Amino acid sequence: MTRCPGCGTEKADEDFYRNRSSRSGLSNYCKKCTRIKNQLWVQANLEKIKKWHAEYYQTHKLNYKMRSRAYALTEKDKNRRRAYRVRNIEKVRIWGRIYRAKHLEKTRTQRSAYYKRHREQLRIKAKLKRSKDRDRTGNWYINQLMNQALSSKGVKFPDELINLYRAQIMLQRKAKSLQEALNGSGCVGKS
Ligand SMILES: [Zn+2]
C-alpha cells in the first residue's frame, strides 16, 4: 500500500501507473490523481499544445498528403468512394452545389475548358435531341445515325446511302411499333 500525496489516501499498487524512473517503479500519484493532473495541465497549456500540433503538421504535411494521395489511387478506395456516392447521391449533389458556389472562378474555367474540349460532341448531342423531338427522318438525322452505327465522326454520306438507311430505320421502327401494339393488346405468349 502506498500513500498518494494528491488525495492523501492509501492505495494498492495497481492503483498507480508504472514509472520506471522512480525508485519504487510506480508513479507517485495514484491513477485518478494523475488523470486529473494531466487534464489540468492540458487545459492550462491548450494554446501551446495547439501550436505544437500545428508545427508538427507543417513539418509532416508532405508525408500526410503523399500517403492520402497514394491511398486515393488504390482500386479499393476508388470503389469505396464510388459506393459512397451511389449511397448518398442527394448529399453529394448538394455538396457539389455548395462547392461550386464557393469556387465560382474555378468552376467557370473548368466548365469552359470542358465545353471547349467537347464542343463538337455537345453540339451534335444537342442537335440530335432537338431533332429527336421533331423530325427523326431528316437527312441530317439519318446521317448522324449512320455515323453512330459505324462509330465514325462527321462523315457525310451520299444521298443514296442515306435513303437506303432511312428505309431500313423506318422498317425497324414500324416493326417495333407493331411489336408494341401486339404486346399491348394482350396477345403475348403462345396462341
Ligand atoms: Zn490520489
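I began with overall size: the protein has a radius of gyration of 36 Å, whereas a compact globule of 191 residues would come near 16 Å (taken over C-alpha atoms, the globule rule being 2.2 Å times the number of residues to the power 0.38). I note that this is a predicted model, in which local features need pLDDT of at least 70, side-chain atom pairs count only at pLDDT 80 or more, and totals for chains, interfaces and linings use all residues. Residues are numbered from 1 along each chain as its sequence is written.

I then looked up the box along the principal axes, which the C-alpha atoms fill at roughly 105 × 55 × 25 Å.

For the domains, whose bounds come from an automatic or database domain assignment, I found domain 1 (2-44), domain 2 (62-115) and domain 3 (119-184). The C-alpha centres of domain 1 and domain 3 lie 84 Å apart.

I counted 8 helices and 4 strands, which are DSSP runs numbered from the N terminus (helices H or I, at least four residues; strands E, at least two). The order from the N terminus is β-β-β-β-α-α-α-α-α-α-α-α.

On burial, I recorded 3% of the 191 residues as buried, that is, with 20 or more other C-beta atoms, placed from the backbone, within 10 Å of their own.

Last, I turned to helix α8 (residues 159-184), whose 26 residues reach 37 Å from first C-alpha to last, close to the 38 Å expected at 1.5 Å a residue (the expected span being 1.5 Å times one less than the number of residues). α8 is hardly covered, with a count of 0 buried residues among its 26.

Conventions: A residue is buried if 20 or more other C-beta atoms lie within 10 Å of its own, exposed if 12 or fewer, and partly exposed in between; C-beta atoms are placed from the backbone.
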